[in-house]
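Subject: Structure handover

Hi,

Here is the structure I promised to pass on. Please open it next to this email as you read.

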Amino acid sequence: MNEQTKNTINAFVKTLREMFMIDDAAELDFGIYRVMAHKKAEIETFFGLNDESEENALCRKIEALLAEQQDGSVNVAEIRKRMEDHIRVYLKDGETMEQINKKKSIIELRQQLEETGDPTVMLPHILTALNDFFSRYYDKGDFISQRRYVNGGDATYLVPYNGEEVKLHWANADQYYIKTSEAFKNYRFKLKNGKEVEFTLKNAVQLNNNEKEQKDWARRFKLWDGVTEPGEEPAPDFVPVQMEEDGVLHIYFTYELMKKKGNEQNTLNKAIYATLADIILAKHKDDYLDLITNTAGKDTEELRRHINRYTTKNSSDYFIHKNLGDFLRRELDFYLKNEIMHVSDLDYNNLRRTLAEAKTIKAVGEEIIQMLAGLEDFQKKLWLKKKFVVQSDYCITLDRVPESLYADICANEEQHEEWKRLFDIESIKATEGDMFSSGKQGYTGELTVQFLKENPHLVLDTAFFNNDFKHRLLESMEDIDAQCDGLLVNSENFQALELLQEKYAGEIGAVITDPPYNTGEDDFPYKDNYVDSSWLSMINDRLNQAHKLLKDNSWMTLNINDIELFNLMKLLDSQQWNSSNHISIKMSHLSGMKMSHIDKKIPKIKEQIVIVSKGEGATLHPIYEPCKWDEAFDRYTSWVDFNNSENPEDWTKDTVRNVAKNQKVDVNDIEKYDAFRIQNAKHIFRTAVNDSLSDTPKDNKFRKITSPQGLIKVILNREEVLFASSYIKEIDGKLSPVRPKGDIWTDIGINNVHNEGGVQLPNGKKPVKLFERLISMFSNNGDIILDPFAGSATLVHAVIKTNENNKYVAIQSGYSYFNEKTLRRSKNVVYSDEWKLDKPVSRKGSSHCFKYIRLEQYEDTLNNLYRTPKEGAWYEEKLGADTIGYVMDMQSQQNWMHTDWMANPFGVKMQITHGNETTEQTIDVVETFNYLLGMNVEKMLWPAEGMQVVMGTTRRGKRTMIIWRNTAHVTDEEVKTFLSSVDCKPFKQIYINGETTLGTILDGKLRQTETEFEYRMFPNE
């Protein structure tokens, strides 16, 4: 085998190892790398990735395929022998192989071998073609759709087109965006001695746009050098490792654009580790030596392992292809026709060889595709799987909590501490009574029943209480879901929207949200060279999910800036939405950094709100603003006197000025004249041309007519009469002329936003007033309003403040962010309607209850994968029957998850990661099933130890009862006793977990919980 063939084999083996992540899987035991590690031996054997070049299994397979298609009439062995003899003679004469390869006789003999399809000659061509094909689509864990049409040596990209007038296409349009930013800015982990370490990302110094667009640049992680401004020189003594006030050792990174060549991340990681190891030995040896020590059972240092994990996790695996197999097979066929068997390149003499080459590439390529597609489809199924509820709790004001529970609340130190931290209850002083009210005890250093009664808007969080307390509280509530004013979901929003589909499809009255702007500084992670494409893939699927949840003829609004405005509007136009418009709003002042380059670009002080509707019949509620009379009614100069008659023909016309003068009003005194006109607006009118009135009389008489739409109109001389009273509204208790707001808003106050809600955001937050206005315009009283990008819960704040009987569903990812921003602000605004920084200004709150849930995430699903042994119950070997895990079997079409844990649904566990700390956590099976069924829960009962009953109605209108039990303690007889105590007639279906014989007494209403659970949990194609 010559050196060229060996190099070709090695190049293709390298591509295969990258595509199947073989080398990364050996070091990174998390996420999809666990799957790849599980498949590593099988893949290596199949493709011969560890074989010597001469013995490579894949090469032998290719040669066998080519041999089957050789021309039997040609003696290939004879030609090969002649060529070998010639080479031997030339070598004996002292010539080099480079000289020999240029000999006419050798060239002719090689051409003869190529024409006959000789496997040894054809092998490099086949491998080069396969390497070329797969390399063009694969990029750091993702397959990118890049169809190329080669014409005259130039490669032109093609996009799918179906005859649309305007086509929006992006590189990742056929992929799910799966990345989250939780471990991007702050990656924290804990050592065995309890010490914590955090990789903290500082803003990278940005390069200019033309450098960003070059293909030989890429973003890389490196240690921060202390530079904060462009052009600033690094401090020579700067140390990127600091022990901060939070007691955590912070290691500071940047994520910067660098030249690809010489800056491979693996190389940088080695340098990062070496630098950090020196710093830790010199400055932090006592507490953090474990970071750089090889511990028992691990083949690499803790710090090195986390550096590799952090950089890999945040720079690869952004997408899952929606149908990788079909895509690659379609592209392979196109590649063969366009580049291997291109008509202009076909030669009759070489036709047999070309066909053999094409058939072999197709056969081998399809085997590789089948294995790649199996892995990708496995990931897709895990991505689309409905996720478990891992925590479910309620936040409820004390006025809604039975006083019988107050003693337990007073004894709860965790709740006590949160109220001190959030609501500053220590500053609540005692007050003396007077003749109108009794005095108040105030805060005395401990919680008392009297203090709880005096503070009815303190927000209780059931997470601080045991199950017994929660059960008693929930049993006291009638129509539980109806009493809940809102729902917060701590989850990546795609997973949350998937789980909410069955309960909320067609139930959401409006979507009002503020998605990431993709500024490069808003924590939106994007794949290098696919900034806009990453964002479009992310927003595309979430908008499609939101569309399913909305009622017909309802609205969605999205805050956005100029960066993605065009893409967003074109995307919405290509989906099922109607009435795409946008509003410009002033969101900044002409000050700060935006003024530093005013000689080169116009300072941006506006943002946009894109508005679309589901259905053509959506109507909004116009917003009016007060104005001067002449600003709104300069053409309203006519007066009608009704003459105490309802018959328009008895009415008479005059001018406003004449009537005012007759009533002794000084028309030159604008204030008095305006007051007169406002008071008499029902008499003041103008006329407007209406083509539909052309057949009516023109005789100076008023008339009433009924339009084809059933509207009663007043007309005069073939024109419609418009009264000024239609545009007189009460503003702050005073009648005023108004005009509808247009699509430019400059009156949204932005100066006091930092105080709103008692939480701070480094990049600012949206004003509550803006969301209040959007709620007023685009929702109806009693609607459920959805915010899939909840952020700091501005929508929640606005819904509570408007107090229009609306409810909210707000989704936010990130465990720490959700706790510190979303959940905290929601509690804050319930307790107090006014805040200054993080302190309540008033104690005026609202009577309120909301539920919050946390979901299993895609990464959790991957981290709960386990191998399937050839024999026996796989889960018993590593998990135990009370722990959930998923089968790591790509060929399995069923039994992805055992359901033996349903024997006791109250103690089910799963490995869950918060930040980067993974712990075994009890999950909420009951709540998960409620969402899978789409239950509106009315009543929860705990009639016996180890038994819970949920009653309610599904979204589809089926009255449903679900009986959960620990089957080891609760028998059919005990269930039967409970059933005899309730009226089962209204229920259309009754679910009971575990084997049961109660079907005979339930008149066909019995449903098997385990089967239903698994069916609804996994996607059904």
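Below is what was found in it, from the whole chain down to single residues.

This is a predicted model: local features need pLDDT of at least 70, side-chain atom pairs count only at pLDDT 80 or more, and totals for chains, interfaces and linings use all residues. Residues are numbered from 1 along each chain as its sequence is written, and side-chain values use heavy atoms, with hydrogens and water left out.

**The chain**

The chain holds 34 helices and 42 strands. Both are DSSP runs, numbered from the N terminus: helices are H or I with at least four residues, strands are E with at least two. The C-alpha trace spans about 125 × 80 × 75 Å along its principal axes. Of the 1021 residues, 52% count as buried. Buried means under 20% relative accessible area, exposed means over 50%, and partly exposed lies in between (1.4 Å probe, protein chains only). Take the contacts between residues at least 6 apart in sequence: 70% of them join residues at least 24 apart. A contact means heavy atoms within 4.5 Å.

Start with α4, residues 57–68. Its 12 residues reach 17 Å from first C-alpha to last, close to the 16 Å expected at 1.5 Å a residue. That expected span is 1.5 Å times one less than the number of residues. L58, C59, I62, E63 and L66 are the buried residues of α4. Seen down the axis of α4, they fall within an arc of 135 degrees, so they line one face of the helix. The arc is that of the directions from the helix axis to the C-beta atoms. An α-helix has 3.6 residues a turn, so residues three or four places apart point the same way.

Helix α33 (residues 972–980) has D972, V975, F978 and L979 as its buried residues. These fall within an arc of 120 degrees seen down the axis of α33, so they too line one face. They pack against β38 (935–944), β39 (947–954), β40 (959–965) and β41 (989–992). The face of α33 turned away from the buried side carries the exposed residues E973, T977 and S980.

Helix α27 (residues 768–778) is largely enclosed by the rest of the structure, because eight of its 11 residues are buried. Among them are R773, F771 and M777.

**A pocket and a cavity**

These come from a 1 Å grid over the protein atoms alone. A cavity is a set of points where a 1.4 Å probe fits but cannot get out. A pocket is an open set with protein on both sides within 12 Å along at least five of seven lines. Lining residues have an atom within 4 Å of a point. Grid points are joined across faces, edges and corners, and a volume is the space filled by probe spheres set on the points.

The second largest pocket holds about 1,500 Å³. It is lined by 42 residues, and E18, D24, Y138, K140 and N266 lie nearest its centre. The lining divides into 11 nonpolar, 13 polar and 18 charged residues. Here Ala, Val, Leu, Ile, Met, Phe, Trp, Tyr, Cys and Pro count as nonpolar, Asp, Glu, Lys and Arg as charged, and the others, Gly among them, as polar. Elements that each supply at least two lining residues include α1 (3–19), β8 (217–223) and α11 (265–283).

The whole structure has four cavities of 30 Å³ or more. Helix α15 (residues 351–384) gives the largest share, four residues. By class, that lining has seven nonpolar, two polar and one charged.

**Single residues**

K851 lies in strand β33 (residues 849–855). At 4% relative accessibility, K851 counts as buried. Beyond four places in sequence, its contacts include D393, D481, E927 and Y931.

N553 is in strand β16 (residues 550–560). At 37% relative accessibility, N553 counts as partly exposed. Its phi is near 60 degrees, a positive value in a residue other than glycine.

A793 also has a positive phi, about 70 degrees, although it is not a glycine. A793 sits in the loop between β29 (784–787) and α28 (794–802). It counts as buried, at 1% relative accessibility.

Best wishes
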